[in-house]
Structure formats: structure tokens, C-alpha cells
Amino acid sequence: MVKKGLQQLTTLGAVVLAAFIALTNVGSVKAQLLLPLESQLLAPPLIRQIEGNIYAVWPERYSDTMDVYRLSRYDGRTWTHMPNLSIQKGGTIMDIALFSGKIYVSGNFRLFADPQYNCLTVLDNRTWTGVASFTAFFTQVPTIQTMTVFNNRLYAGGRFSRMNGTLVNNLVVNTGTEWGAVGTAVPGADGT
């Protein structure tokens with residue numbers, strides 16, 4: 001219903017999406033980010049609070065082969081826009097994490113400029129770089145659904161059996177210098 005409504009709005013012209021950050025204890029709006037969208041909105045914005053900042057990612061389709069995601073950070077006073085992330089059409093962004101001063105974005109996607117890399121990318125020196133090539137069991141589509149930082153390590157979990165050809169069973173960890181598997185398996189109905 002929402003998607004249909006947004007599609008109807010886009011036929012009238014450009015859509016402007018307002019993302020509001022509200023303080024729950026006072027119930028007042030503290031910041032507003034106006035996001036001009038020149039074409040159909042693909043998915044709702046993804047918003048995360050990380051280390052005292054708010055990160056917002058929202059999609060915008062530029063062509064029949066590429067989806068462009070925009071990323072901004074709110075520090076309590078102003079919004080800072082970061083470089084756009086270009087992925088192959090139809091990808092999905094699912095999570096954002098900050099680790100060792102770098103922003104990581106995960107989901108179900110392939111980088112547009114370098115499609116051998118999928119599911120996980122990092123913003124390093126204002127350039128989005130693929131982290132690895134993930135594959136899943138049989139016909140499943142590899143997906144990194146969530147990330148968290150724990151004990152100065154970045155953990156990423158989802159539906160993937162291999163990372164760069166190595167068996168990792170749905171959960172990987174970055175120690176700051178390298179990525180590796182966590183244990184032998186993660187419990188779950190389908191292993192994810």
C-alpha cells in the first residue's frame with residue numbers, strides 16, 4: 001500500500017522524503033533531513049544510532065541496472081552527507097556498523113562497479129570497497145542481515161556458507177586485521 005502510494009506520488013514529479021529524529025522522552029522533533037528523490041523510492045530509509053550519531057541510508061534508482069544508496073550522518077546539530085553507494089539493481093541494504101573508524105554496510109547486493117564483491121562493503125577514504133565474495137548453500141541467496149561490534153571486533157551474520165571460498169557458516173568476525181569464521185556453526189532452523 002505504501003509502495004503504491006509512493007509510486008503515485010512519483011508520477012506527479014520529484015518526491016521529497018523527510019526523515020525525522022525524535023527524542024522519545026520529550027516527544028519533540030529535534031532534526032529534519034530532507035531527501036530529494038528523483039525517481040521511485042525502492043525501500044524505506046534505514047536508520048541506526050551508532051556511538052552518539054544517527055546514520056540514515058535511503059535508496060534512489062538511477063538506471064535500469066544500478067541502484068544508488070545515499071548515506072548521511074547526524075551528530076546532533078548538522079547532517080553530513082557521505083559518498084553514494086552504487087549497487088546492482090534490486091539489491092537490499094540491511095544494516096550499518098561503525099568499526100575502526102570505517103562505516104560498513106551489509107545486505108543482499110552486489111557492488112555495481114565490482115560485482116564479484118557482495119553482501120558487505122566498507123567506506124574507506126571516501127570510497128566504497130567490497131570486503132569479500134560471499135556464497136550460500138545450494139540455491140540460497142547470500143545475505144548479511146546484521147552486524148555488531150563486540151570486544152573491539154566486528155561480527156557479521158546472516159545467510160552465507162562461504163567467504164572468499166572458505167567455509168564460515170553464517171557468521172564472520174573482523175579482528176581489525178583480518179576476517180575469519182566464528183566457531184563451526186550458528187544454531188537456527190536453517191543455519192542463519
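Which residues line the largest pocket? The legends below take up this question and then turn to other close-up views of the model, which is a predicted one.

**View 1. The largest pocket and the residues around it.** In this predicted model, the lining of the largest pocket is made by Tyr55, Arg73, Thr80, Met82, Leu98, Gly101, Lys102, Ile103, Leu123, Asp124, Asn125 and Arg126. The space inside the largest pocket comes to about 150 Å³. Strand S6 (79-88), strand S8 (102-110) and strand S9 (118-124) each contribute at least two residues to the lining of this pocket.

**View 2. A salt bridge between Asp124 and Lys102.** Side chains of opposite charge can pair when their charged atoms come close. Here the side chains of Asp124 and Lys102 meet in a salt bridge, with a distance of 3.5 Å from N to O. Because Asp124 belongs to strand S9 and Lys102 to strand S8, the pair ties together parts of the chain that are 22 residues apart in sequence. Asp124 is partly exposed, at a relative accessible area of 29%, and Lys102 is likewise partly exposed, at 29%. Both Asp124 and Lys102 are also among the residues that line the largest pocket.

**View 3. A salt bridge between Asp95 and Arg48.** The closest N and O atoms of Asp95 and Arg48 are 2.9 Å apart, and the two residues form one of the salt bridges of the structure, which holds three in total. This pair links distant parts of the chain, since Asp95 sits in strand S7 (residues 92-99) and Arg48 in strand S3 (residues 46-50), 47 residues apart. Asp95 counts as buried, with a relative accessibility of 4%, whereas Arg48, at 29% relative accessibility, counts as partly exposed.

**View 4. A salt bridge between Arg77 and Asp75.** In this view the side chains of Arg77 and Asp75 come together in a salt bridge, with 3.6 Å from N to O. Arg77 is exposed, having a relative accessible area of 68%, while Asp75 is partly exposed, having a relative accessible area of 28%.

View 5. Leu167 is partly exposed, with a relative accessible area of 44%.

How values were computed: Residues numbered from 1 in each chain as written. Predicted model: local features only at pLDDT ≥ 70, side-chain atom pairs only at ≥ 80, totals over all residues. Heavy atoms only, no water. Buried < 20%, exposed > 50% of the residue type's maximum accessible area, 1.4 Å probe, protein only. 1 Å grid on protein atoms, 1.4 Å probe; cavity = no way out; pocket = protein on both sides within 12 Å on 5 of 7 lines; lining within 4 Å. Points joined across faces, edges and corners; volume = space filled by probe spheres on them. Helix = DSSP H or I, 4+ residues; strand = E, 2+ residues; numbered from the N terminus. Salt bridge = Lys/Arg side-chain N within 4 Å of Asp/Glu carboxyl O.
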